[in-house]
Amino acid sequence: MVAIKPQQAPAFLKAPPADLAAVLFHGSDPGLVSERAAVIAKKLAERENPPGEVLKLDDSELDEDPGRLETELQTRPMFSGRRVVRAVASRKVSATLLKPLLTSGPLEGLLVVEAGNLKADDSLRSLFESQAHCYAVACYPDSAADIDTLISEVLSSFSLKIEGDARALLQSRLGADRALSRAEIEKLALFCLGRPTITHEDVENLVGDAAGLALERIAEAVAEGRTKDAISDFGRALGSGENAQVIILIVQRYFLKLHRVRSDVDAGMRLDDALKYMRPPLFFKQKDSFSRQVRSWPRGKLDQALRRIGEAAKAARLSSNLEDVIAERLILALASMAAMSSAAAGGR
(Lines give C-alpha, C1' and ligand atoms only; values in the text may rest on other atoms or scores of the structure.)
Protein backbone atom coordinates (compact mmCIF):
# COMPACT_ATOMS: atom_id res chain seq x y z
CA MET A 1 0.00 0.00 0.00
CA VAL A 2 2.54 2.50 -1.20
CA ALA A 3 2.53 5.44 -3.60
CA ILE A 4 5.92 5.56 -5.30
CA LYS A 5 6.94 9.11 -6.17
CA PRO A 6 8.70 9.85 -9.50
CA GLN A 7 12.10 10.29 -7.84
CA GLN A 8 11.70 6.93 -6.06
CA ALA A 9 10.81 4.99 -9.20
CA PRO A 10 14.36 4.08 -10.38
CA ALA A 11 15.21 2.46 -7.03
CA PHE A 12 11.84 0.69 -7.00
CA LEU A 13 12.49 -0.74 -10.48
CA LYS A 14 16.02 -1.80 -9.60
CA ALA A 15 14.87 -3.78 -6.56
CA PRO A 16 11.11 -4.45 -6.54
CA PRO A 17 9.77 -5.17 -3.02
CA ALA A 18 9.70 -8.86 -2.12
CA ASP A 19 6.03 -8.61 -1.08
CA LEU A 20 4.85 -7.04 -4.35
CA ALA A 21 1.63 -8.64 -5.62
CA ALA A 22 0.35 -5.91 -7.94
CA VAL A 23 1.71 -2.65 -9.30
CA LEU A 24 0.10 0.22 -11.20
CA PHE A 25 2.19 2.52 -13.41
CA HIS A 26 0.39 5.78 -14.18
CA GLY A 27 1.21 9.24 -15.47
CA SER A 28 1.34 11.61 -18.42
CA ASP A 29 4.30 9.88 -20.16
CA PRO A 30 2.82 6.75 -21.84
CA GLY A 31 6.21 5.67 -23.15
CA LEU A 32 7.70 5.73 -19.67
CA VAL A 33 4.65 3.91 -18.25
CA SER A 34 5.01 1.15 -20.85
CA GLU A 35 8.80 0.92 -20.52
CA ARG A 36 8.66 0.59 -16.75
CA ALA A 37 5.82 -1.94 -16.89
CA ALA A 38 7.86 -4.09 -19.28
CA VAL A 39 11.00 -3.82 -17.12
CA ILE A 40 9.31 -4.81 -13.88
CA ALA A 41 7.26 -7.59 -15.48
CA LYS A 42 10.43 -9.17 -16.83
CA LYS A 43 12.25 -8.72 -13.52
CA LEU A 44 9.40 -10.26 -11.51
CA ALA A 45 9.20 -13.24 -13.87
CA GLU A 46 12.96 -13.82 -13.75
CA ARG A 47 13.19 -13.79 -9.98
CA GLU A 48 10.70 -16.65 -9.68
CA ASN A 49 12.18 -20.13 -9.19
CA PRO A 50 11.72 -21.58 -11.72
CA PRO A 51 11.23 -18.41 -13.81
CA GLY A 52 7.67 -17.40 -14.57
CA GLU A 53 6.13 -16.19 -17.80
CA VAL A 54 4.81 -12.75 -18.76
CA LEU A 55 1.31 -12.67 -20.25
CA LYS A 56 -0.22 -9.57 -21.85
CA LEU A 57 -4.00 -9.28 -21.98
CA ASP A 58 -5.97 -6.67 -23.94
CA ASP A 59 -9.64 -5.73 -24.16
CA SER A 60 -10.33 -7.95 -27.17
CA GLU A 61 -9.25 -11.04 -25.23
CA LEU A 62 -11.29 -9.97 -22.21
CA ASP A 63 -14.30 -9.35 -24.46
CA GLU A 64 -14.11 -12.99 -25.57
CA ASP A 65 -13.52 -14.26 -22.01
CA PRO A 66 -14.47 -11.72 -19.31
CA GLY A 67 -13.11 -13.97 -16.55
CA ARG A 68 -9.69 -14.48 -18.18
CA LEU A 69 -7.83 -11.97 -16.00
CA GLU A 70 -9.09 -13.50 -12.77
CA THR A 71 -8.39 -17.02 -14.03
CA GLU A 72 -4.78 -16.19 -14.93
CA LEU A 73 -4.14 -14.48 -11.59
CA GLN A 74 -5.74 -17.22 -9.51
CA THR A 75 -4.06 -20.18 -11.23
CA ARG A 76 -0.52 -21.29 -10.39
CA PRO A 77 1.33 -22.86 -13.36
CA MET A 78 2.45 -26.45 -12.88
CA PHE A 79 5.88 -26.23 -14.48
CA SER A 80 7.00 -22.63 -13.96
CA GLY A 81 7.04 -19.86 -11.41
CA ARG A 82 4.17 -17.48 -10.85
CA ARG A 83 2.70 -15.87 -13.96
CA VAL A 84 3.06 -12.10 -14.42
CA VAL A 85 -0.02 -10.61 -16.08
CA ARG A 86 0.30 -7.24 -17.87
CA ALA A 87 -2.81 -5.24 -18.73
CA VAL A 88 -3.76 -1.68 -19.66
CA ALA A 89 -6.41 0.19 -17.68
CA SER A 90 -9.60 0.39 -19.72
CA ARG A 91 -13.33 -0.27 -19.57
CA LYS A 92 -12.45 -3.93 -18.99
CA VAL A 93 -9.52 -3.42 -16.62
CA SER A 94 -10.94 -1.05 -14.02
CA ALA A 95 -11.10 -0.52 -10.28
CA THR A 96 -14.49 -2.26 -10.28
CA LEU A 97 -12.98 -5.41 -11.82
CA LEU A 98 -9.74 -5.40 -9.82
CA LYS A 99 -11.01 -4.53 -6.34
CA PRO A 100 -12.42 -8.01 -5.54
CA LEU A 101 -9.16 -9.59 -6.72
CA LEU A 102 -6.87 -7.32 -4.73
CA THR A 103 -8.94 -7.36 -1.53
CA SER A 104 -9.87 -11.04 -1.30
CA GLY A 105 -6.48 -12.43 -0.29
CA PRO A 106 -3.17 -13.47 -1.89
CA LEU A 107 -3.05 -13.91 -5.65
CA GLU A 108 -1.37 -16.86 -7.32
CA GLY A 109 -0.04 -14.56 -10.02
CA LEU A 110 1.48 -11.07 -10.16
CA LEU A 111 -0.32 -8.13 -11.75
CA VAL A 112 1.18 -5.17 -13.66
CA VAL A 113 -1.26 -2.49 -14.86
CA GLU A 114 -0.55 0.50 -17.12
CA ALA A 115 -2.68 3.64 -17.01
CA GLY A 116 -2.72 7.22 -18.19
CA ASN A 117 -2.64 10.38 -16.10
CA LEU A 118 -4.78 9.62 -13.01
CA LYS A 119 -5.94 12.21 -10.50
CA ALA A 120 -5.12 11.68 -6.83
CA ASP A 121 -8.71 10.62 -6.10
CA ASP A 122 -9.07 8.30 -9.11
CA SER A 123 -10.61 5.00 -7.98
CA LEU A 124 -7.97 2.83 -9.69
CA ARG A 125 -5.07 4.79 -8.24
CA SER A 126 -6.69 4.85 -4.79
CA LEU A 127 -7.17 1.08 -4.92
CA PHE A 128 -3.48 0.36 -5.53
CA GLU A 129 -2.35 2.96 -3.00
CA SER A 130 -4.58 1.56 -0.25
CA GLN A 131 -4.16 -2.22 -0.52
CA ALA A 132 -1.47 -4.31 1.13
CA HIS A 133 1.28 -5.56 -1.21
CA CYS A 134 0.10 -3.16 -3.95
CA TYR A 135 2.07 -0.22 -5.33
CA ALA A 136 1.27 2.78 -7.53
CA VAL A 137 4.18 4.33 -9.41
CA ALA A 138 3.91 7.85 -10.85
CA CYS A 139 5.49 8.30 -14.31
CA TYR A 140 5.84 11.87 -15.51
CA PRO A 141 7.95 13.44 -18.30
CA ASP A 142 11.68 13.21 -17.74
CA SER A 143 13.53 16.03 -16.02
CA ALA A 144 16.61 17.59 -17.63
CA ALA A 145 18.80 15.30 -15.52
CA ASP A 146 16.78 12.23 -16.60
CA ILE A 147 17.13 13.18 -20.27
CA ASP A 148 20.86 13.78 -19.88
CA THR A 149 21.26 10.34 -18.29
CA LEU A 150 19.24 8.73 -21.09
CA ILE A 151 21.39 10.44 -23.76
CA SER A 152 24.57 9.20 -22.10
CA GLU A 153 23.19 5.69 -21.66
CA VAL A 154 22.11 5.27 -25.29
CA LEU A 155 25.12 6.94 -26.90
CA SER A 156 27.59 4.99 -24.77
CA SER A 157 26.04 1.76 -26.05
CA PHE A 158 26.99 2.95 -29.57
CA SER A 159 30.44 4.21 -28.42
CA LEU A 160 29.55 7.72 -29.56
CA LYS A 161 30.29 11.16 -28.10
CA ILE A 162 28.30 14.35 -28.61
CA GLU A 163 29.37 18.00 -28.73
CA GLY A 164 28.22 20.24 -25.87
CA ASP A 165 25.95 22.47 -27.98
CA ALA A 166 24.57 19.40 -29.76
CA ARG A 167 23.73 17.79 -26.40
CA ALA A 168 21.93 20.96 -25.26
CA LEU A 169 19.86 21.04 -28.45
CA LEU A 170 19.09 17.33 -28.17
CA GLN A 171 17.93 17.76 -24.56
CA SER A 172 15.58 20.57 -25.62
CA ARG A 173 13.89 18.31 -28.19
CA LEU A 174 13.32 15.32 -25.93
CA GLY A 175 11.26 14.53 -22.87
CA ALA A 176 7.59 14.36 -23.87
CA ASP A 177 7.63 10.56 -24.02
CA ARG A 178 10.39 8.21 -22.79
CA ALA A 179 9.94 5.62 -25.57
CA LEU A 180 10.03 8.28 -28.28
CA SER A 181 13.00 10.02 -26.67
CA ARG A 182 14.95 6.75 -26.66
CA ALA A 183 13.93 6.08 -30.27
CA GLU A 184 15.09 9.53 -31.38
CA ILE A 185 18.49 9.12 -29.70
CA GLU A 186 18.88 5.66 -31.28
CA LYS A 187 17.99 7.09 -34.69
CA LEU A 188 20.62 9.80 -34.25
CA ALA A 189 23.23 7.27 -33.12
CA LEU A 190 22.57 4.90 -36.03
CA PHE A 191 22.88 7.77 -38.52
CA CYS A 192 26.21 8.86 -36.97
CA LEU A 193 27.80 5.42 -36.60
CA GLY A 194 31.42 5.37 -37.72
CA ARG A 195 32.02 9.00 -36.79
CA PRO A 196 33.71 10.06 -33.54
CA THR A 197 31.30 12.82 -32.49
CA ILE A 198 27.69 13.90 -33.04
CA THR A 199 27.43 17.56 -34.07
CA HIS A 200 24.84 20.30 -33.62
CA GLU A 201 24.00 20.02 -37.32
CA ASP A 202 23.29 16.29 -36.95
CA VAL A 203 20.77 16.94 -34.18
CA GLU A 204 19.20 19.86 -36.05
CA ASN A 205 18.63 17.77 -39.16
CA LEU A 206 17.58 14.48 -37.58
CA VAL A 207 15.74 15.00 -34.30
CA GLY A 208 12.23 16.42 -34.23
CA ASP A 209 10.36 17.93 -31.32
CA ALA A 210 9.39 15.13 -28.91
CA ALA A 211 5.94 16.49 -28.07
CA GLY A 212 5.04 16.45 -31.77
CA LEU A 213 6.49 12.95 -32.12
CA ALA A 214 4.37 11.69 -29.23
CA LEU A 215 1.25 12.99 -30.95
CA GLU A 216 2.38 11.62 -34.32
CA ARG A 217 1.87 8.14 -32.89
CA ILE A 218 -1.89 8.86 -33.04
CA ALA A 219 -1.57 9.71 -36.74
CA GLU A 220 0.39 6.52 -37.40
CA ALA A 221 -2.32 4.40 -35.78
CA VAL A 222 -5.02 6.25 -37.76
CA ALA A 223 -3.23 5.70 -41.08
CA GLU A 224 -2.82 1.99 -40.26
CA GLY A 225 -6.51 1.63 -39.42
CA ARG A 226 -5.67 0.68 -35.80
CA THR A 227 -8.74 2.41 -34.38
CA LYS A 228 -8.39 1.14 -30.81
CA ASP A 229 -4.76 2.28 -30.53
CA ALA A 230 -5.56 5.65 -32.09
CA ILE A 231 -8.44 6.36 -29.71
CA SER A 232 -6.45 5.12 -26.72
CA ASP A 233 -3.46 7.37 -27.55
CA PHE A 234 -5.84 10.26 -28.27
CA GLY A 235 -7.42 9.88 -24.85
CA ARG A 236 -4.03 9.74 -23.16
CA ALA A 237 -2.91 12.87 -24.99
CA LEU A 238 -5.99 14.79 -23.88
CA GLY A 239 -5.54 13.48 -20.34
CA SER A 240 -1.98 14.83 -20.23
CA GLY A 241 -3.16 18.29 -21.30
CA GLU A 242 -2.66 18.23 -25.08
CA ASN A 243 -4.97 20.32 -27.26
CA ALA A 244 -7.33 18.59 -29.71
CA GLN A 245 -6.68 21.19 -32.41
CA VAL A 246 -2.95 20.51 -32.18
CA ILE A 247 -3.63 16.79 -32.59
CA ILE A 248 -5.68 17.50 -35.73
CA LEU A 249 -2.75 19.50 -37.15
CA ILE A 250 -0.31 16.66 -36.37
CA VAL A 251 -2.60 14.22 -38.21
CA GLN A 252 -2.77 16.65 -41.12
CA ARG A 253 1.03 16.93 -41.24
CA TYR A 254 1.39 13.13 -41.23
CA PHE A 255 -1.12 12.66 -44.06
CA LEU A 256 0.63 15.37 -46.06
CA LYS A 257 3.82 13.26 -45.80
CA LEU A 258 1.92 10.21 -47.02
CA HIS A 259 0.44 12.28 -49.86
CA ARG A 260 3.85 13.59 -50.90
CA VAL A 261 5.45 10.15 -51.03
CA ARG A 262 2.42 8.58 -52.75
CA SER A 263 2.52 11.34 -55.39
CA ASP A 264 6.21 10.64 -56.04
CA VAL A 265 5.48 6.93 -56.41
CA ASP A 266 2.56 7.59 -58.77
CA ALA A 267 4.90 9.79 -60.82
CA GLY A 268 7.22 6.81 -61.36
CA MET A 269 9.66 7.02 -58.45
CA ARG A 270 10.55 3.83 -56.57
CA LEU A 271 9.08 3.79 -53.07
CA ASP A 272 12.49 3.26 -51.45
CA ASP A 273 13.86 6.29 -53.28
CA ALA A 274 10.86 8.43 -52.30
CA LEU A 275 11.38 7.49 -48.66
CA LYS A 276 15.08 8.41 -48.84
CA TYR A 277 14.19 11.95 -49.93
CA MET A 278 11.97 12.54 -46.87
CA ARG A 279 13.18 15.29 -44.52
CA PRO A 280 13.47 14.77 -41.66
CA PRO A 281 14.17 11.13 -42.48
CA LEU A 282 12.01 8.33 -41.12
CA PHE A 283 13.24 6.41 -38.10
CA PHE A 284 14.16 2.93 -39.35
CA LYS A 285 11.49 1.31 -37.13
CA GLN A 286 8.81 3.40 -38.90
CA LYS A 287 9.84 2.49 -42.42
CA ASP A 288 7.87 -0.75 -42.78
CA SER A 289 4.60 0.65 -41.43
CA PHE A 290 4.90 3.90 -43.39
CA SER A 291 5.63 1.92 -46.57
CA ARG A 292 2.51 -0.21 -45.99
CA GLN A 293 0.45 2.92 -45.55
CA VAL A 294 1.76 4.46 -48.78
CA ARG A 295 0.88 1.26 -50.67
CA SER A 296 -2.59 0.94 -49.18
CA TRP A 297 -3.65 4.59 -49.52
CA PRO A 298 -4.34 5.58 -53.16
CA ARG A 299 -3.77 9.21 -54.10
CA GLY A 300 -7.52 9.85 -54.44
CA LYS A 301 -8.24 8.55 -50.94
CA LEU A 302 -5.45 10.72 -49.53
CA ASP A 303 -6.95 13.75 -51.28
CA GLN A 304 -10.27 12.90 -49.66
CA ALA A 305 -8.65 12.39 -46.25
CA LEU A 306 -6.84 15.75 -46.42
CA ARG A 307 -10.10 17.53 -47.33
CA ARG A 308 -11.76 15.87 -44.35
CA ILE A 309 -8.91 16.88 -42.04
CA GLY A 310 -9.06 20.47 -43.29
CA GLU A 311 -12.81 20.61 -42.61
CA ALA A 312 -12.29 19.22 -39.10
CA ALA A 313 -9.52 21.73 -38.37
CA LYS A 314 -11.79 24.60 -39.43
CA ALA A 315 -14.74 23.27 -37.41
CA ALA A 316 -12.56 22.87 -34.31
CA ARG A 317 -11.35 26.48 -34.60
CA LEU A 318 -14.92 27.79 -34.95
CA SER A 319 -16.32 25.60 -32.15
CA SER A 320 -13.52 25.14 -29.64
CA ASN A 321 -15.96 23.81 -27.05
CA LEU A 322 -16.51 20.81 -29.35
CA GLU A 323 -12.90 20.34 -30.49
CA ASP A 324 -12.42 17.06 -28.56
CA VAL A 325 -15.52 15.53 -30.16
CA ILE A 326 -14.58 16.82 -33.63
CA ALA A 327 -11.06 15.39 -33.34
CA GLU A 328 -12.33 12.02 -32.12
CA ARG A 329 -14.83 11.76 -34.97
CA LEU A 330 -12.06 12.61 -37.44
CA ILE A 331 -9.84 9.87 -36.00
CA LEU A 332 -12.66 7.31 -36.26
CA ALA A 333 -13.49 8.33 -39.83
CA LEU A 334 -9.88 8.24 -41.05
CA ALA A 335 -9.17 4.92 -39.34
CA SER A 336 -12.24 3.48 -41.05
CA MET A 337 -11.00 4.78 -44.41
CA ALA A 338 -7.60 3.21 -43.70
CA ALA A 339 -9.14 -0.17 -42.94
CA MET A 340 -11.13 -0.08 -46.20
CA SER A 341 -8.11 1.08 -48.21
CA SER A 342 -5.98 -1.69 -46.73
CA ALA A 343 -8.63 -4.29 -47.50
CA ALA A 344 -8.90 -3.03 -51.07
CA ALA A 345 -5.13 -3.06 -51.50
CA GLY A 346 -4.95 -6.61 -50.17
CA GLY A 347 -7.56 -7.73 -52.67
CA ARG A 348 -5.73 -6.39 -55.67
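**Cysteines first**

Modeller: The disulfide count comes to 0, a disulfide being a pair of cysteine sulfur atoms within 2.5 Å. This is a predicted model, where local features need pLDDT of at least 70 and side-chain atom pairs count only at pLDDT 80 or more, while totals for chains, interfaces and linings use all residues. Residues are numbered from 1 along each chain as its sequence is written, and side-chain values use heavy atoms, leaving out hydrogens and water.

Biologist: Is Cys-134 buried or exposed? And what is the relative accessible area of Cys-139?

Modeller: Buried is under 20% relative accessible area, exposed is over 50%, and partly exposed is in between, with a 1.4 Å probe and protein chains only. Cys-134 has 2% relative accessibility, so it counts as buried. Cys-139 comes out at 0%, so it is buried as well.

**Aromatic rings**

Biologist: How many aromatic pairs does the count give?

Modeller: The count is 4 aromatic pairs. Rings of Phe, Tyr and Trp (its six-membered ring) pair if their centres lie within 6.5 Å; planes under 30 degrees apart are stacked, over 60 edge-to-face, and the rest tilted.

Biologist: What makes the pair of Phe-12 and Tyr-135 tilted?

Modeller: Their centres are 5.5 Å apart and their planes meet at 45°, so the pair is tilted. It links distant parts of the chain, 123 residues apart: Phe-12 sits in helix H1 (residues 9-14) and Tyr-135 in strand S6 (residues 134-138). Here helices (H or I, at least four residues) and strands (E, at least two) are DSSP runs, numbered from the N terminus. Both Phe-12 and Tyr-135 are buried.

Biologist: What makes the aromatic pair of Tyr-254 and Phe-255 edge-to-face?

Modeller: The angle between the planes is 70°, with 6.5 Å centre to centre. Tyr-254 and Phe-255 are both buried. Ring pairs also join these two with Phe-290 and Trp-297 in a cluster.

**Helix H13**

Biologist: How does the reach of H13 compare with what is expected?

Modeller: H13 (residues 244-266) has 23 residues and reaches 33 Å from its first C-alpha to its last, close to the 33 Å expected at 1.5 Å a residue. The expected span is 1.5 Å times one less than the number of residues.

Biologist: What caps the N-terminal end of H13?

Modeller: Asn-243 does, with a side-chain oxygen 2.7 Å from the backbone nitrogen of Gln-245. After H13 comes Gly-268, whose phi is positive, near 110°.

Biologist: Why does His-259 count as buried?

Modeller: His-259 has 14% relative accessibility, so it counts as buried. His-259 is placed in helix H13.

Biologist: With which side chain does the side chain of His-259 make a polar contact?

Modeller: With that of Arg-299, at 2.9 Å. A polar contact is a pair of N or O atoms within 3.5 Å; within protein, one must be able to donate a hydrogen and the other to accept it, and residues adjacent in sequence count only if both atoms are side-chain atoms.
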